[in-house]
Protein chains: 2
Amino acid sequence: MNMRTNRDRLQKLLTEIAAFGGTDRGGVSRLALTDEDRDARDQLKRWFAEAGAEIKVDTIGNMFFILRGKQLHLPPVMTGSHCDSQPEGGRFDGILGIIAGLEIMYTLRDAGIQLERDLIVVNWTNEEGSRFTPGTTGSGYFAGKLDRDKMYALTDRNGLTLGDELERIGYKGQEDFDPRPMYANFEYHIEQGPVLEQRGIRIGVPKGIVCLRWYDIEVQGVPNHVGPTPMNARQDALYAFALMGKRIYELGLAADNVVASVGEVHPTPNSRNVIAGHVHFTIDIRGWNEQETDRVCQEVERSLIELAKEAGCEVAINKVWEVDRAPFDESLIALVHSTARDLGLTSLDMVSGASHDTIYINKDTPSAMIFVPSIGGRSHAEVECTSWEDCAAGADVLLGAVIKTGNSLNELPAIDRSLY
Amino acid sequence: MNMRTNRDRLQKLLTEIAAFGGTDRGGVSRLALTDEDRDARDQLKRWFAEAGAEIKVDTIGNMFFILRGKQLHLPPVMTGSHCDSQPEGGRFDGILGIIAGLEIMYTLRDAGIQLERDLIVVNWTNEEGSRFTPGTTGSGYFAGKLDRDKMYALTDRNGLTLGDELERIGYKGQEDFDPRPMYANFEYHIEQGPVLEQRGIRIGVPKGIVCLRWYDIEVQGVPNHVGPTPMNARQDALYAFALMGKRIYELGLAADNVVASVGEVHPTPNSRNVIAGHVHFTIDIRGWNEQETDRVCQEVERSLIELAKEAGCEVAINKVWEVDRAPFDESLIALVHSTARDLGLTSLDMVSGASHDTIYINKDTPSAMIFVPSIGGRSHAEVECTSWEDCAAGADVLLGAVIKTGNSLNELPAIDRSLY
């Protein structure tokens, strides 16, 4: 009981893989299907082979590393994440979940343990979506939610297609691999937010992934020369935006666990001495409670109309994307909590504000995630960091969860309600 | 007394010149030193020659059309403006002042009148600055405030230089022309704001051009993934901007005849699901009263620091340009008012919120401007419009002012204080 991973080896593996696309400032630029992604994939193949895993690559480039269990007829256990990164991204986002899976295979090999069930560590293709949009391409295709030919046809900035690039780097498999039904899926990931660090807790256990609403907003004012147009005769689309940006933030702040964000603003003509005639901007609203999230959306919509009028402008409100929340499996959530507790690690019920490949896998496989603290809450940036202690703690929890599910002959483990 | 211009001919001339660079939607795209600018210049040469004017082109391409007076030793009277336009600009901005000068020469010719003084109508090169920045190039060079070689070296978006383009279109003169000292200078222009129309007044008489302060502002926050970052743990540079944009507008609105405008906003990374880590934006503050303008500047600066703190961000405030106000000549202002009154036209003391070539000429020649209403206050846009009646009314006022000064053998005419 309470087997642990090899902390020094985990650190060494994470350090070595960070060299593929490593940047001068300690980050990683390893965009999907670039040479850097290919080199990292090649390295993963060598390491997983050494750990005794079989390797399969499907037609969208997902890599499955399979450590055979004793009873091949039992549904397998899956873990993993993605090895692509944002441009000038961090060295932990995604890859931590794959390297921890690798370290677990090494640990099992060293201890001479063969699980009852197959253990599959997966590398999902193009999670980030930075080079080819949309992201979570590999897991979305695996889940039957994304069309392969459409994904092959996605182009990057230089007009290269995802299909051609998969072929070029040698990761377009001949056939698909479908291990379903699966017994359980765990994705181990950095938190990418500040909550665990602020509360001094080692392990985060998301109840699921929040729901999401995206808006495109068009504000129409009247462009005019700034000099001769008195303040009280303006229809200034940027002033309308300022009122709206302030209000959206305040509505998010006042709500119960909802975040409301403006990320993009594009004024026209965006000229120093012309009153903006038009502003396009985006809103991203997320929350665990769908009712509370939709209440905020309604208040935002009502406010935009009121504030446009206040600024003498028109507003067009377009809701462009809507994703339901994804609640994870309660028994697996409980299992992660109890595993952390057994290892002497504090754990916290939380939600994932970011999307992950598991949002797709969760659709037909009981799933849970394991979070470890992000220093300063920073992610999608070169300064992204998680302490080696925390990396190892999360890997130990993953190992415990993998052993318990991998050796379980039951249906899913019973829920320990005392942890909620 | 009360001679008037020929309204039909003025309308015909304005309509014909608007064809050079005319757009489908009734506007004009006649950027400085393009083929369209050249063709309009060529047409002006033909027309002014017909009106009996001599023509001189200086080394920066300014065109001087000179109608000789009886007494060549007397300082001349100048009027004019610019024939270049904004991209997709209007058909009155600038060119109205030149065509009205042309119409005055025709009117004088038709009436067999020769003024005592020379009358010079000028077309200043590159007022708008849309193709080559900065603008008011020709008048700035004439005033000795801009260096010719630096102006020749200005490049447009395609890397073409102002000097080469002047040469290409045949308007780089061999030598400069300096008619100073001059007796008086009048620039006749559309208002480009809504004041005259709103107040139902025919003629605007600016006391001068407002003072101006330009700022570049840098707001530094912390970029983070929008999903996992709670509202109360953000340092959102766009939220800081929203607070600032709202406050700047409010400070302008509350001030006494000051305008405070934000024209440009550039967030980074400007991505839908990333909290903005940085925002660059610009502020333009103008007013007739320099003390009140500087009080607003101080309040804006104080507010930016306060609001950056409120949003958990840092702010850097850079004042990048400062122009003193340019008060026009009081006796010429009075002359314009009295001329309008004699013609039965209402006139209004106002200020010019926009800059004009006359800001430079005013430095060593007594100057005044004549404004006519802009429908809806619109300018720098294809919808820019002034009624033919108002175009003619302004030309009549200009004619009266030109005759009075052109025939005056005094120093400057006495001020009629009753008009203030």
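User: Why is A:Asp93 called buried?

Analyst: In this predicted model, A:Asp93 has a relative accessible area of 5%. Buried means under 20% relative accessible area, exposed over 50%, and partly exposed in between, with a 1.4 Å probe and protein chains only. A:Asp93 therefore counts as buried.

User: What is A:Asp93 in contact with, and where does it lie?

Analyst: A:Asp93 lies in the loop between S3 and H3 of chain A. Helices (H or I, at least four residues) and strands (E, at least two) are DSSP runs, numbered from the N terminus. Contact means heavy atoms within 4.5 Å. Leaving aside neighbours within four places in sequence, the contacts of A:Asp93 include A:His82, A:Glu128, A:His189 and A:Glu384.

User: What makes the pair A:His82 and A:Asp93 a polar contact?

Analyst: Their side chains are joined at 3.4 Å. A polar contact is a pair of N or O atoms within 3.5 Å; within protein, one must be able to donate a hydrogen and the other to accept it, and residues adjacent in sequence count only if both atoms are side-chain atoms.

User: Why does A:His82 count as buried?

Analyst: A:His82 has 0% relative accessibility, so it counts as buried. Its place is in the loop between strand S3 (77-81) and helix H3 (95-111) of chain A.

User: Which residues does the "binding site" annotation cover?

Analyst: The unreviewed UniProt entry gives A:His82, A:Asp93 and A:His189. They are spread over 108 residues of sequence, yet cluster in space, with a largest C-alpha distance of 9.8 Å. Such positions are given in the numbering used here, feature names are shortened, and annotations may be inferred rather than shown by experiment.

User: How do you know that the span of helix H8 of chain A agrees with expectation?

Analyst: The expected span is 1.5 Å times one less than the number of residues. For the 18 residues of H8 (residues 237-254) this should be 26 Å, and the end C-alpha atoms are 26 Å apart, which agrees. Of these 18 residues, 13 are buried, so H8(A) is mostly covered.

User: What caps the N-terminal end of H8(A)?

Analyst: A:Asp236 does, with a side-chain oxygen 2.9 Å from the backbone nitrogen of A:Leu238.

User: How are chains A and B related?

Analyst: Chain B can be laid on chain A by a turn of 180° and a shift of 0.0 Å along the axis, with an RMSD of 0.0 Å. The two copies are thus related as by a two-fold rotation axis. Superposition is by least squares on the C-alpha atoms of residues with pLDDT of at least 70 in both.

User: What conventions apply?

Analyst: Residues are numbered from 1 along each chain as its sequence is written, with chains lettered from A and ligands numbered from 1 in the order in which they are written. In this predicted model local features need pLDDT of at least 70, side-chain atom pairs count only at pLDDT 80 or more, and totals for chains, interfaces and linings use all residues, while side-chain values use heavy atoms, leaving out hydrogens and water.
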